[in-house]
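Welcome, and thanks for opening your viewer. Let's take a walk through the model together, one selection at a time.

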Amino acid sequence: MPLEPSVREAMLSAVPSLRAFAISLSGNVDRADDLVQETLLRAMANIDSFQPGTNMSAWLFTILRNLFRSEYRKRRREVEDADGSYADTLTSHPEQHGRIEFEEFRKALAQLPPDQREALILVGASGFSYEEAAGICDCAVGTIKSRVNRARTRLSELLAIDGADDFGPDQSTRAVLSAGGRR
Amino acid sequence: MAPQKKFRRPGNDFPKAALYFDEHREGPYGRAMGKEIMKEQKPLTSGPGDQVQGRAGSTEDNGARGGGGRPQGSGSVEQMPVRPSPTMHNEIHPRKRRGRLGRDVQSKLGKTLQAYFDDVVKEGVPERFRLLLQQFDDRQDKGSS
């Protein structure tokens, strides 16, 4: 039986976020796309277990996360993004990130433990609530909160962020801006 | 001083000392046994009894125990052992701040994280995934017909 148009549309709309999540987990675009493809295949094969009216995106994220976990155990010794392919796929926006260079952020994110990273991405980037993220990761809400908190703290340590000013223009730019303001 | 004397009561030491007694002596709580307890306790010079004696008389014992008691006499200051530097307790160890990121830092981190993934999300749905769903539908159609 073909997919219902609404289900099909919900699946497709979740793909961009799924890809971003998969890339952040695996650190490799090709592997991430394979993960997403495998996720969609599993979802379609088990579409009967999906309850209409519930969150399709969260359901797909759960499948993807479980797939990655099972794959991660096999490939634990591999270095994530060893060839830097992930970094090459994304373009840098230095004006957006201020002092934090794109490359630094990527490296810092990769240094986080997988459970903290996935929690941070689910809550901080994918837009899931703590409860939804807990459901995806199959753990308590408090655990997710703790992981997100530790991930943020660790990121700020790795990036040597002490205050919000660190995100803004760098020192030279600020000097120019302040000089321009005095005229 | 009163609480320390309390601990010196023979009754408190009785179970320990009673281990050395002969079973044929007077009952476990008998008078003769009490005397023997006192006799047995004398050789135990390294016990807590020294502390009490030291407080009353010499200050050497106090020093040997790491400065646990106060000097009693006027000449006792010279005999006081070198104590650990008092700065040890005065040093302020700044606590490592953990889990105390400001809201502004948190929100900025979140924005940076989202910006970081914007490029991936903006790519939309790659064609391979549209084809995948289409192929699934086609297969299902053929199977049902």
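Two residues are in contact when their C-beta atoms, placed from the backbone, lie within 7 Å. This is a predicted model, in which local features need pLDDT of at least 70 and side-chain atom pairs count only at pLDDT 80 or more, while totals for chains, interfaces and linings use all residues. Residues are numbered from 1 along each chain as its sequence is written, and chains are lettered from A and ligands numbered from 1 in the order in which they are written.

**Stop 1: A:Met44**

Select A:Met44 and display what it touches. Leaving out residues up to four places away in sequence, its contacts are A:Leu3 and B:Phe136. A:Met44 is part of helix 2 of chain A; helices here are DSSP runs of H or I with at least four residues, strands are runs of E with at least two, and both are numbered from the N terminus. Is A:Met44 buried or exposed? It counts as buried because it has 20 C-beta neighbours inside 10 Å. The scale is this: 20 or more other C-beta atoms within 10 Å of a residue's own make it buried, 12 or fewer exposed, and anything in between partly exposed, with C-beta atoms placed from the backbone.

**Stop 2: the nonpolar core**

From A:Met11, move on to A:Leu60. Beyond its neighbours within four places in sequence, A:Leu60 is in contact with A:Met11, A:Ala14, A:Leu18, A:Thr39 and A:Ala43. A:Leu60 is also among the residues with the most contacts inside the largest nonpolar core, which has 50 residues; A:Leu18, A:Ala22 and A:Ala133 are others in that group. A nonpolar core is a set of buried Ala, Val, Leu, Ile, Met, Phe, Trp, Tyr and Cys residues joined through C-beta atoms within 7 Å. Helix 1 of chain A gives the most to this core, nine residues.

**Stop 3: where the chains meet**

Colour by chain. Here 35 residues of chain A are in contact with 30 residues of chain B. On chain A's side, the largest share, nine residues, comes from helix 1. That side has 21 nonpolar, 11 polar and three charged residues.

Next, show helix 7 of chain A with helix 7 (residues 103-122) of chain B: they pack at an angle of about 90°, with their axes 9 Å apart. Helix 7 of chain A is therefore roughly perpendicular to helix 7 of chain B, a label for angles of 65 to 115 degrees, where under 35 is roughly parallel, over 145 roughly antiparallel and the rest oblique. The axes are lines fitted to C-alpha atoms over the stretch in contact, and angles run from 0 to 180 degrees between N-to-C directions. To see the meeting point, select A:Leu120, A:Gly124 and A:Ala125 against B:Gly110, B:Leu113, B:Gln114 and B:Phe117.

**Stop 4: A:Asp138**

Back in chain A, go to helix 8, whose buried residues are A:Glu132, A:Ala133, A:Ala134, A:Ile136 and A:Cys137. Then step to A:Asp138, in the loop between helix 8 (130-137) and helix 9. A:Asp138 has a positive phi of about 55° although it is not a glycine. With 11 C-beta neighbours inside 10 Å, A:Asp138 counts as exposed.

**Last stop: A:Tyr72**

Finish in helix 3 (residues 56-74) of chain A, where you will find A:Tyr72. This tyrosine, A:Tyr72, counts as partly exposed because it has 15 C-beta neighbours inside 10 Å. Draw a C-alpha to C-alpha distance to A:Ser26: A:Tyr72 is 46 residues away from it in sequence and 8.4 Å away in space.

Methods:
Nonpolar A, V, L, I, M, F, W, Y, C, P; charged D, E, K, R; others polar.
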